[in-house]
Amino acid sequence: MEYEVLDTEDVPVTDLSEVEGVPPDLDIRPVGRTMGLDNLHVTLWYFEPGEEINYHAHGEQEELYYVIEGEFSLKLGRSGETETMEVGPGAFWAAGPEIGHGHRYVGDDEGVILAIGAPAVEDPGLDPHSLD
């Protein structure tokens with residue numbers, strides 16, 4: 001790809017509850033896929049109060065998160081060494097391969113997170129408790 005400019009509203013919303021075998025049941029905008037990116041997964045995630053991404057890890061992928069709207073409770077770190085903290089708009093966090101991470105929306109309105117993962121590989125979530 002040489003270059004691309006895209007407005008958020010031009011990225012269709014995907015309701016993950018309609019995609020078999022893909023938890024959680026959240027709405028996303030698959031920005032990277034829509035733009036044809038080959039090396040990054042870029043996704044906007046939308047959360048209602050109480051919704052979460054469970055604590056998990058990836059075998060290869062690094063992930064970077066940025067809170068656009070709302071307040072989130074994070075769980076980060078290797079199994080048995082996790083930290084929990086609350087963050088709001090403007091906060092970044094990241095997790096490398098085999099590092100556990102998860103977050104729950106604790107706000108009252110809609111929460112929005114930008115997630116960027118690389119490399120852009122199919123890297124399903126792993127149970128951090130099963131990693132050495």
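The legends below describe close-up views of a predicted model.

Local features need pLDDT of at least 70, side-chain atom pairs count only at pLDDT 80 or more, and totals for chains, interfaces and linings use all residues. Residues are numbered from 1 along each chain as its sequence is written, and side-chain values use heavy atoms, with hydrogens and water left out.

View 1. Helices (H or I, at least four residues) and strands (E, at least two) are DSSP runs, numbered from the N terminus. From that end, the order is β-β-α-β-β-β-β-β-β-β-β. The C-alpha trace spans about 40 × 35 × 30 Å along its principal axes. Of the 132 residues, 37% are buried (under 20% relative accessible area; exposed is over 50%, partly exposed in between; 1.4 Å probe, protein chains only).

**View 2. Arg29 and Glu9 form a salt bridge.** The N to O distance is 3.7 Å. The rule asks for a side-chain nitrogen of Lys or Arg within 4 Å of a carboxyl oxygen of Asp or Glu. One salt bridge is counted. Arg29 sits in strand β2 (residues 27-29), Glu9 in the segment before β1 (14-15), 20 residues apart. Arg29 is buried, because its relative accessibility is 10%. Glu9 is exposed, at 60%.

**View 3. Glu18, Asp27, Glu48, Glu69, Asp108, Asp109 and Glu110 make up a negative surface patch.** Patch residues have over 30% relative accessible area and no salt bridge; like charges are joined within 9 Å, nonpolar side chains (Val, Leu, Ile, Met, Phe, Trp, Tyr) within 5 Å. Asp109 lies in the loop between β9 (101-105) and β10 (111-118). With 59% relative accessibility, Asp109 is exposed.

Notes
Areas by Shrake-Rupley, 256 points an atom, 1.4 Å probe, with all protein chains shown as cover. Lys, Arg positive; Asp, Glu negative; His and termini not counted. Charge placed at Lys NZ, Arg CZ, Asp CG, Glu CD.
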